[in-house]
Amino acid sequence: MKITTPLTDEVIENLRSGDQVYITGKIYTARDAAHKRLVELLKNNQPLPFDIKGQIIYYVGPTPAKPGQVIGSAGPTTSSRMDPYTPVLLEAGLKGMIGKGERRDYVKEAIVKHKAIYFAAIGGAGALIARTIRSVKTIAYEDLGAETIRELEVVDFPAFVVNDIYGNDLMLDNISKYRMEDKNE
Amino acid sequence: MRYIERDLVVEAVERLCIEANYYIEDDVLNALKRSRKLETSPIGQKVLDQIIENDFIARNDSVPMCQDTGMVVVFLEIGNLIHIDYDIYDAINEGVRNGYLHGYLRKSVVKHPLDRVNTGDNTPAVIHTKIVMGNSLTITLAPKGAGSENMSLVKMLTPADGYEGVKKLVLDTIFDAKGKPCPPIIVGIGIGGTFEKCALLAKEALMRPIDDVSEDPIARKLEEELLEEINKLGIGPLGFGGTQTALAVKVNVYPCHIASLPVAVNTQCHAARHKKIVL
Ligand code: SF4
């Protein structure tokens with residue numbers, strides 16, 4: 001399924017855990033240190049460096065771009081490190097996140113509550129994903145190096161829906177489906 | 001005595017850093033293709049297709065297959081008949097520095113584990129040395145990403161835990177990790193020695209070619225049984241559910257004390273990067 005950003009409620013309502021999506025539009029990069037700063041701004045009622053409403057944050061720390069490239073390899077990093085900051089951002093209007101690995105229960109609950117989506121991209125597919133990134137613009141926190149907040153213009157960025165607004169969870173549901181219980185457990 | 005020039009070492013390490021990150025080894029790629037054939041979960045098949053496509057793009061475009069270009073682990077086998085009159089560790093770190101700069105690789109090393117300031121050049125490497133017979137210097141270099149390294153552990157089991165205890169520890173470790181180490185994974189297991197030796201055994205196990213089987217009959221049985229049982233856990237490619245959680249299990253063993261049973265589990269993601277050169 002092809003979707004575009006910013007995400008609307010209609011699109012979000014249509015997405016189900018397990019769907020493969022191709023995302024086109026602007027998405028924003030942020031990892032640990034940038035999250036910390038965003039949450040601090042929100043706590044102090046200060047404006048964020050970009051309008052977060054309806055947007056998607058991608059957890060990524062790319063390799064340096066080679067000459068002629070817009071960005072280096074750019075696969076997802078582990079999402080759970082961003083868990084403590086995520087509910088506050090969802091409350092502020094964030095609608096999507098792209099990373100790898102599972103989220104904690106309180107994040108899954110916040111996803112349902114605020115009608116958002118958690119996508120997983122293919123961990124370790126940095127070269128493939130980089131090809132879908134057409135331009136890169138620095139938004140804030142250049143001092144953070146690989147963790148700088150950047151606006152990426154993407155075309156058909158490949159991802160899978162993990163947590164949807166109906167409380168489904170691709171990893172939990174599908175792992176138990178393929179699990180062959182026998183002597184182990 | 002054979003003299004090995006410092007420049008030769010620096011250049012070899014630079015090249016290995018770049019090539020390991022850009023060009024996946026055929027044994028790993030073939031194992032990925034094999035697991036694509038065996039995977040029954042439709043989503044797992046899609047994930048494996050993308051991983052394989054990614055590895056081809058990285059090879060063709062000469063770019064890193066994964067953005068986590070790792071901390072560099074180096075195994076040196078130093079022949080007793082070679083002569084070096086310089087600091088070999090320094091030479092290796094110079095090679096790493098050059099490789100990460102010239103190869104446009106990500107610098108992912110912090111100077112101090114607690115104040116966490118980036119060293120800026122991906123040095124230092126973690127270097128293990130062994131003295132062997134002969135007149136050559138063998139360098140095996142493996143950039144190791146954090147996603148899979150973080151899911152590893154060392155546990156001091158008791159001799160009574162035995163074979164089944166080792167299996168349970170490995171299966172629990174892999175199940176808890178789920179998608180975090182970017183499966184399909186390769187599992188390196190070290191059994192025996194002491195606390196630090198078993199960790200090293202596990203890492204060395206990961207340097208073995210993927211189709212290599214242990215010569216030790218018990219280790220070999222463990223490799224076979226664990227691979228089958230890990231793939232029954234249901235985790236699948238990237239933890240999206242499926243039958244292909246591990247590409248291989250490698251077990252290295254060493255004698256140990258009558259009262260101990262040290263076990264280390266070192267997880268390696270599908271971006272299994274290591275390259276070797278003999279100077
Ligand atoms: S675990 Fe491996 S494949 Fe996954 S992001 Fe880390 S280095 Fe890359």
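This is a predicted model: local features need pLDDT of at least 70, side-chain atom pairs count only at pLDDT 80 or more; totals for chains, interfaces and linings use all residues.
Colleague: How many salt bridges are counted over all chains?

Modeller: Side chains of opposite charge can pair when their charged atoms come close. In this structure the count comes to 31 salt bridges over all chains.

Colleague: Which parts of chain A does the pair of A:Lys2 and A:Asp156 link?

Modeller: The side chains of A:Lys2 and A:Asp156 meet in a salt bridge, at 2.9 Å from N to O. This pair links distant parts of the chain, with A:Lys2 in strand S1 and A:Asp156 in strand S7, 154 residues apart. A:Lys2 is exposed, at 62% relative accessible area, whereas A:Asp156 is partly exposed, at 26%.

Colleague: How many residues apart are B:Lys168 and B:Asp172 in helix H6 of chain B?

Modeller: They are 4 residues apart, and therefore separated by about one helical turn. Their side chains form a salt bridge of 2.7 Å, N to O.

Colleague: Is B:Lys203 buried or exposed?

Modeller: Buried means under 20% relative accessible area. B:Lys203 has 9%, so this residue is buried. Its salt-bridge partner is B:Glu149, with the closest N and O atoms 2.8 Å apart.

Colleague: Which residues make the nonpolar surface patch?

Modeller: B:Val154, B:Met156 and B:Phe195 make this patch of about 280 Å². B:Phe195 lies in helix H7 of chain B and counts as exposed, because its relative accessibility is 53%, while exposed means over 50%.

Colleague: Why is the ligand site described as shared between chains?

Modeller: Residues from chains A and B surround the ligand, so the site is shared. Among the residues that come nearest are A:Gly124 and B:Cys66. The shell divides into 5 nonpolar, 5 polar and 3 charged residues.

Conventions: Residues are numbered from 1 along each chain as its sequence is written. Chains are lettered from A and ligands numbered from 1 in the order in which they are written. Side-chain values use heavy atoms; hydrogens and water are left out. Patches are made of residues with over 30% relative accessible area and no salt bridge: like charges are joined within 9 Å, nonpolar side chains (Val, Leu, Ile, Met, Phe, Trp, Tyr) within 5 Å. Accessible areas come from the Shrake-Rupley method with a 1.4 Å probe; for residues, only the protein chains shown count as cover. A salt bridge is a side-chain nitrogen of Lys or Arg within 4 Å of a carboxyl oxygen of Asp or Glu. Helices (H or I, at least four residues) and strands (E, at least two) are DSSP runs, numbered from the N terminus. Buried means under 20% relative accessible area, exposed over 50%, partly exposed in between (1.4 Å probe, protein chains only). A residue is near a molecule or strand if one of its heavy atoms lies within 4 Å of it. Ala, Val, Leu, Ile, Met, Phe, Trp, Tyr, Cys and Pro count as nonpolar, Asp, Glu, Lys and Arg as charged, and the others, Gly among them, as polar.
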